[in-house]
Amino acid sequence: MKTHLKTMLLITFSTLNFATHSKENKPPKVAIIFVVDQFAYHYMNKIKPHLNSGLKHLLKDGINYTEAIFPHGMPSTPTGHAALSTGAYGYAHGITSYGYINSENKFEKIIDDSPEDAAVFSIEGTHDYGKSAKKLMVDTISDQFVLASEEAEPHHSYSISLKARSSILTAGQSGKAIWFDYDQGILTSSKAYFESLPDWLQDFNSKNRVRTGDQFTWKSLSDSNDKKYNYREAKNYKHSALKSSIVNQTFKVGENVDRPFEIYERTPFGHKLLFDAAQICLEKH
């Protein structure tokens, strides 16, 4: 019997939501969902005149919902990712904030788990902490997609993000969550999802590992005075964590000792890392 493979890949970024294309009403072999943090719909209207290729094609020829609203009460990223992936409210899916105070009166992140059950992979083996979706109380779309597998048609779902909570809360229990390791500059996962990191991901890390001391130059797409950037707050860094722009400047990874890879994650270079890994993931499946 010929085996057919279906794959779903979710990519979440730290700063559109999605589209699948199907001809002749046949189910697609691959569904790719993009979730962009803090990207309100009105931004799309502002950048629309300057788009070309993929996003322009989706807006012009795809189905475009302009008033898709999910009225959950806490507009934080964990709650939002859980809402997007489950279709449920916080009281049902259980993710109402970034974490909670546990029985030992300590703050515990919503994706924290024991290293015995969900140790996070490191370059040397595993870290002394774990991460999983065990606190997510309902199924995600990834869970249902994988549960619908049949022997002749297995389903696979991968969720790739720079942030662990984003990939974990969209992968759920049955999808495969992959995220950026802020301690070592690689893409990683945990034993809640893999016995060991897949070969393709280990090979990707060996070729693309980010190290402290690495230097990157963020070059803007156009001149800073171009009308593409003619927005009210485009150059206002008063409330920014960095306080000043690093566009068109060279920055070095590791200058912030406490969070050495944070500046890398907040630039297009971090997003490119995700795209490159996602492309390899699709090729392998």
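**Exercise 1.** Leaving aside its neighbours within four places in sequence, which residues is leucine 187 in contact with?

Before we start, a word on the ground rules: this is a predicted model, where local features need pLDDT of at least 70 and side-chain atom pairs count only at pLDDT 80 or more, while totals for chains, interfaces and linings use all residues. Residues are numbered from 1 along each chain as its sequence is written, and side-chain values use heavy atoms, with hydrogens and water left out.

*Step 1.* Contact means heavy atoms within 4.5 Å.
*Step 2.* With the neighbours within four places set aside, leucine 187 touches Ile178, Trp179, Phe180, Leu197, Leu201, Phe204, Asn205, Leu273, Leu274 and Ala277.

**Exercise 2.** Which residues of the largest nonpolar core touch the most other members?

*Step 1.* A nonpolar core is a set of buried Ala, Val, Leu, Ile, Met, Phe, Trp, Tyr and Cys residues joined through side-chain atoms within 4.5 Å. Buried means under 20% relative accessible area, exposed over 50%, and partly exposed in between (1.4 Å probe, protein chains only).
*Step 2.* The largest core has 40 residues, and Ile168, Ile178, Phe180, Leu187 and Tyr193 touch the most other members.
*Step 3.* Now see who contributes. Helices (H or I, at least four residues) and strands (E, at least two) are DSSP runs, numbered from the N terminus. Elements giving two or more residues to this core include strand 9 (155-161), helix 7 (164-171), strand 10 (176-181) and helix 10. Helix 10 gives the largest share, 5 residues.
*Step 4.* Here's the general idea: in soluble globular proteins, nonpolar side chains tend to be buried together.

**Exercise 3.** Which residues of helix 10 are buried?

*Step 1.* Find helix 10 at residues 268-284: it has 17 residues.
*Step 2.* Its buried residues are Gly270, His271, Leu273, Leu274, Ala277, Ala278 and Cys281. They cover an arc of only 150° around the axis, so they lie on the same side of helix 10. The arc is that of the directions from the helix axis to the C-beta atoms.
*Step 3.* Why does such a pattern turn up? An α-helix has 3.6 residues a turn, so residues three or four places apart point the same way.

**Exercise 4.** Which ring does the charged end of arginine 259 sit over?

*Step 1.* The rule: NZ of Lys or CZ of Arg must be within 6 Å of the ring centre and within 35 degrees of the ring normal.
*Step 2.* The ring is that of tyrosine 182, with the charged end of arginine 259 5.0 Å from its centre.
*Step 3.* Lysine 176 gives another case, with its charged end over the ring of phenylalanine 194, 5.1 Å from the centre.

Conventions: The expected span of a helix is 1.5 Å times one less than its number of residues.
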